Amino acid sequence: MTTTANHILLIAHAPLAHALRECALHVFADCGDDVSVLDVPPHESPEATLAAAQTLLAQSGAARTLVLADVFGATPSNVAHRLVEGTPARLLVGVNLPMLLRAICYRHEPLEQQAARALAGGQQGILQVGGGGAPQNQNSRKEHGQDRDHHQQ
């Protein structure tokens, strides 16, 4: 059974959306058709940004879209919230590269699962490193018979 990929729309302060997409293409060269971006210029009105976002969403032709925005309460996030209201799209705010990469990895899963995995990836991608201990949000792998310096995504 072939599953159509969910579309991912990044909405962020310029030039973050474009930069995140470029990083994702570095890791997943085949994801270009599944990831659209909207960089919000400093003085663009929310109405103009919403119109541009609606155009991108329509151009994707996707039945399912995961929208990722940068900062809660800022224009990109507010526009994204208006964009997804009353649609089957899902919105996550606070996008970071681990979140985007996880969203791409699981773009063939049902939208709710993709959103949950992306959210977890974003949260798990934030670590305090250094100070001699294990990263702050993860258990030491030695406790489980694994070297704590062994890295996995």
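**Parallel sheet and salt bridges**

Strand E1 (residues 7–13) runs parallel to E2, and six bridges join the two. Strands here are DSSP runs of E with at least two residues, helices are runs of H or I with at least four, and both are numbered from the N terminus. The model is predicted: local features need pLDDT of at least 70, side-chain atom pairs count only at pLDDT 80 or more, and totals for chains, interfaces and linings use all residues. Residues are numbered from 1 along each chain as its sequence is written, and side-chain values use heavy atoms, without hydrogens and water.

**Sheet**

- Four strands form an open sheet in the order E2-E1-E3-E4, with parallel pairing. Two strands count as paired if DSSP finds at least two bridges between them.
- Strand E2 (35–40) and strand E4 (90–93) are the edges; each has a single partner strand, so one side of each lacks a neighbour in the sheet.
- Neighbouring strands of this sheet are turned by 20 degrees against each other on average, direction ignored.
- Histidine 13 has valine 40 in E2 as its bridge partner.

**Helix on the sheet**

- Helix H1 (residues 16–27) lies across E1 and E2 and runs at about 150 degrees to E2. Contact means heavy atoms within 4.5 Å.
- Axes are lines fitted to C-alpha atoms, for helices over the stretch in contact; angles run from 0 to 180 degrees between N-to-C directions.

**Salt bridges around arginine 107**

- The count comes to four salt bridges. The rule asks for a side-chain nitrogen of Lys or Arg within 4 Å of a carboxyl oxygen of Asp or Glu.
- Arginine 107 pairs with aspartate 30, with the closest N and O atoms 3.5 Å apart. Arginine 107 sits in the loop between helix H4 (97–105) and helix H5 (111–124), and aspartate 30 in the loop between H1 and E2, so the pair ties together parts 77 residues apart in sequence.
- Aspartate 34 also forms a salt bridge with arginine 107, at 2.7 Å between the closest N and O atoms. These two residues are 73 residues apart.
- Shared partners join Asp30, Asp34 and Arg107 into one network.
- Arginine 107 is buried at 7% relative accessible area, and aspartate 34 is buried too. Aspartate 30 is exposed at 59%. Buried means under 20%, exposed over 50%, partly exposed in between (1.4 Å probe, protein chains only).

- Glutamate 112 forms a salt bridge with arginine 90, the closest N and O atoms being 2.2 Å apart.
- The pair links helix H5 to strand E4, 22 residues apart.
- Both residues are partly exposed: glutamate 112 at 47%, arginine 90 at 31%.
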